[in-house]
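I opened the structure and kept short notes on what I looked up. The entries follow in the order in which I worked.

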Amino acid sequence: MGRDVIKGQNAIMTEHQNHAANQGELDQPAPRHSIVFNTLVAFVVIISVTLLTMLGGLYMADALEGDAEAINQAGSLRMLTYRLAATAAYEPEAIPQQIAKLETTLHSRTLQAALSRHRNLTSMHADIVQRWESQLRPLLNEPIDVLRYREQAPLFVDELDRLVHTLQKSSEGKLEVVRALQVGTLFVIVLIAFTLIYGLHNNLATPLRALTLLARQVGRGNFGGQVEVPGDTELSLLARTLNQMNRELAGLYGEMEQKVDEKTAELTRSNEILQLLFNSARMLYNQPDEPELLMGQMLGRVQQVLGVGPISLCLNRSAGVGSHTAMTSFGLSPPEYCKLPNCAECPVNSEGSMLPSGNRLISFELRSGQEELGSLRIEQPLQAPLDPWQTQLMETLADLFTASLSLAQLGQHQARLALMEERAVIARELHDSLAQALSAQKLQLARLKRQLAQGIPTENLLETLDQVDRGLNSAYRQLRELLTTFRIKVDQPGLHPALMATVDEFSQHSGLDIHFDYQLEHAPLKPNEEVHCLQIVREALSNVVKHAQASNCWLTFDQDRQGTVRVRIEDDGVGISDVQSPAGHHGLTILRERANSLNGTISIETREGGGTRVHLRFPPAYRHIPLTQESVSHD
């Protein structure tokens with residue numbers, strides 16, 4: 001039944017899983033806004049902006065490369081201009097060298113590169129070159145006009161200052177562009193990062209916490225929780241799926257709990273039924289002679305287990321025709337509808353077995369073969385039929401009650417047969433021993449009366465009286481032997497305990513040393529065989545004590561290869577000369593009769609080394625059981 005519960009649960013779970021999978025495929029659309037995709041887009045934007053900023057910075061760095069050197073060289077032109085004025089005044093021979101240096105600086109590749117990067121400086125540089133070549137350079141030729149040169153030099157330097165200032169402003173403008181680009185990039189990145197963090201907090205972290213809480217509730221077996229994730233993302237799809245799974249699992253576990261409760265109730269009921277049947281069988285087995293009272297006492301428990309209306313038991317007593325016993329589950333008195341002794345008026349014989357209360361009687365017959373022993377009856381409303389398990393339990397109880405009643409009747413019948421057989425055995429023993437002895441003494445008394453009437457001499461009368469006295473003593477001895485035999489008890493299972501008690505009895509009262517060897521532990525003898533063996537042993541030991549004058553006696557029980565039981569009683573006494581019972585003694589005759597009752601033989605002979613041997617051989621009853629079925633089963 002436990003495997004049926006597991007199979008049912010597995011089937012339910014498989015069905016619900018398939019249903020949930022189908023519903024999930026049909027009802028759950030694909031998310032339109034992917035958190036992963038949006039996050040990837042945000043990271044791509046951040047990386048792209050960063051790369052563009054880096055590229056712009058690299059470009060601006062390339063654009064600014066050489067500007068500082070150009071500014072320095074432009075500044076050195078101012079210094080060279082003033083130095084030429086000083087040189088012209090004090091070292092005229094060095095003027096060509098200074099002029100060459102100034103012109104080299106004025107047309108250097110650094111300034112040319114700066115002019116190519118800053119197109120707005122080209123005209124200014126051209127004006128400076130023209131002023132130098134047209135106004136300042138001629139003043140340094142022979143003859144040198146120092147005064148005029150000094151007048152024109154500040155104007156030339158002013159143009160150089162404007163060039164340097166303009167170049168500086170242009171470079172600073174590019175630096176401002178780089179700074180603005182970096183600041184803008186930082187702002188964009190921070191804005192995107194905050195937007196991403198806000199979106200991840202709302203669309204990822206918060207839903208994940210809710211889903212984690214729901215998962216913990218599911219782990220604890222609580223399937224009533226639900227979680228709501230707004231939007232149309234992967235987590236909202238997961239939330240809807242988990243909610244649907246929760247509902248499915250709640251329904252599934254509800255059905256499983258219901259089925260488990262049903263199966264538990266069935267198992268509990270089955271256990272109660274088995275316990276009831278076991279207790280009923282044990283009670284009826286322990287007291288097989290009086291099953292009626294026990295059956296009546298069990299009716300209340302039967303009604304409690306079945307959960308039905310009153311249960312009654314009607315029994316037919318075979319001892320008296322028309323005599324019945326009726327009792328109910330509410331007591332041992334007959335039910336209200338019972339019409340004892342007018343059983344023909346019982347409602348069970350009416351159409352539909354209807355009672356005046358509107359209920360009907362449902363009967364379960366107690367039948368053994370062709371003999372009706374009674375019936376079990378339930379008062380049940382028409383609209384409440386019995387369940388199959390209730391019907392089966394009542395039928396089983398009816399069979400159990402039937403078997404108990406049948407066994408009780410059989411036991412009573414066997415007890416009567418055993419009593420009659422025991423009386424027949426007692427009568428036979430009295431007839432074969434005591435009755436014959438008393439009959440012989442009756443004949444002797446009749447003879448004595450005739451002798452007295454005929455005036456026989458006193459010697460003959462005394463001889464007859466002596467025979468009567470010996471006969472009475474023999475009859476008395478036989479009576480005591482019979483009383484001892486009838487008082488023998490075999491109250492423990494098996495022959496061995498009774499033989500041990502007999503050996504102890506004769507050893508204590510006679511001083512005879514009895515050596516006992518019992519090898520029939522695996523030979524199950526019938527009670528009748530055990531009694532006859534015990535009585536033969538007692539008779540033989542009694543003869544040893546009375547007539548053998550022995551010191552030792554050997555009592556042996558064994559079995560040969562053919563299964564024949566062998567009993568030997570040997571002594572080291574004076575032996576026996578005549579194996580026939582002397583006149584007035586019936587011991588040996590009784591031994592032979594008991595051996596014949598066992599379908600065996602007994603021999604009485606002289607023992608080697610002196611003494612007497614009584615040897616009993618008989619086939620035990622269990623060796624007569626046909627073994628055909630056993631051999632077939634082995635094949």
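**Entry 1: helices H4 and H6.** I am working with a predicted model. I began with a helix pair and noted that H4 and H6 run roughly antiparallel to each other, since angles over 145 degrees count as such. The angle I read for the packing of H4 (residues 95-106) against H6 (residues 122-136) is about 165°, and the axes are 12 Å apart. I recorded the crossing of H4 and H6 as left-handed. On the H4 side I listed Ile99, Leu102, Glu103 and Leu106, which meet His125, Ile128, Val129 and Trp132 of H6. Sorted by class, this contact of H4 with H6 has 6 nonpolar residues, 1 polar and 1 charged.

**Entry 2: helices H8 and H9.** I then turned to H8 (residues 234-286) and H9 (residues 291-306), which pack at about 170° with axes 10 Å apart. By the same cut-off of 145 degrees, that angle makes H8 roughly antiparallel to H9. From H8, the contact takes in Glu272, Ile273, Leu276, Ser280, Met283 and Leu284. From H9, I wrote down Pro291, Leu294, Met295, Gln297, Met298, Arg301, Val302 and Val305. The contact of H8 with H9 divides into 10 nonpolar, 2 polar and 2 charged residues.

**Entry 3: the whole protein.** I next looked up the totals. The protein has 15 helices and 9 strands. Of its 635 residues, 35% are buried. Among contacts with a separation of 6 or more, 63% join residues 24 or more positions apart.

**Entry 4: Val348.** Is Val348 buried or exposed? I have Val348 at 19% relative accessibility, and it therefore counts as buried, the limit being under 20%. I placed Val348 in the loop between strand S2 (324-328) and strand S3 (360-368). Leaving out residues up to four places away in sequence, Val348 touches Ser353, Leu361, Ser363 and Arg377. I also checked Val348 against Arg360, 12 residues apart along the chain, and found their C-alpha atoms separated by 8.4 Å.

**Entry 5: Gln451.** Which helix holds Gln451? I found Gln451 in H10, which covers residues 388-454. Gln451 has a relative accessible area of 9% and is buried. With residues up to four places away in sequence not counted, I listed Ile456, Asn460, Leu461 and Thr464 as touched by Gln451.

Entry 6: Gln549 is not a glycine, yet its phi is positive, at about 55°. I located Gln549 in the loop between helix H13 (527-548) and strand S6 (552-559). The relative accessible area of Gln549 is 67%, so I have it as exposed, the limit being over 50%. Asn599, a residue other than glycine, has a positive phi near 60°. I found Asn599 in the loop between helix H14 (587-597) and strand S8 (601-606). Asn599 is exposed as well, with a relative accessible area of 59%.

Conventions
Residues are numbered from 1 along each chain as its sequence is written. This is a predicted model: local features need pLDDT of at least 70, side-chain atom pairs count only at pLDDT 80 or more; totals for chains, interfaces and linings use all residues. Side-chain values use heavy atoms; hydrogens and water are left out. Axes are lines fitted to C-alpha atoms, for helices over the stretch in contact, and angles run from 0 to 180 degrees between N-to-C directions. Helices (H or I, at least four residues) and strands (E, at least two) are DSSP runs, numbered from the N terminus. Angles under 35 degrees count as roughly parallel, over 145 as roughly antiparallel, 65 to 115 as roughly perpendicular and the rest as oblique. A crossing is left-handed if the near helix is turned anticlockwise from the far one by less than a right angle, and right-handed if clockwise. Contact means heavy atoms within 4.5 Å. Ala, Val, Leu, Ile, Met, Phe, Trp, Tyr, Cys and Pro count as nonpolar, Asp, Glu, Lys and Arg as charged, and the others, Gly among them, as polar. Buried means under 20% relative accessible area, exposed over 50%, partly exposed in between (1.4 Å probe, protein chains only).
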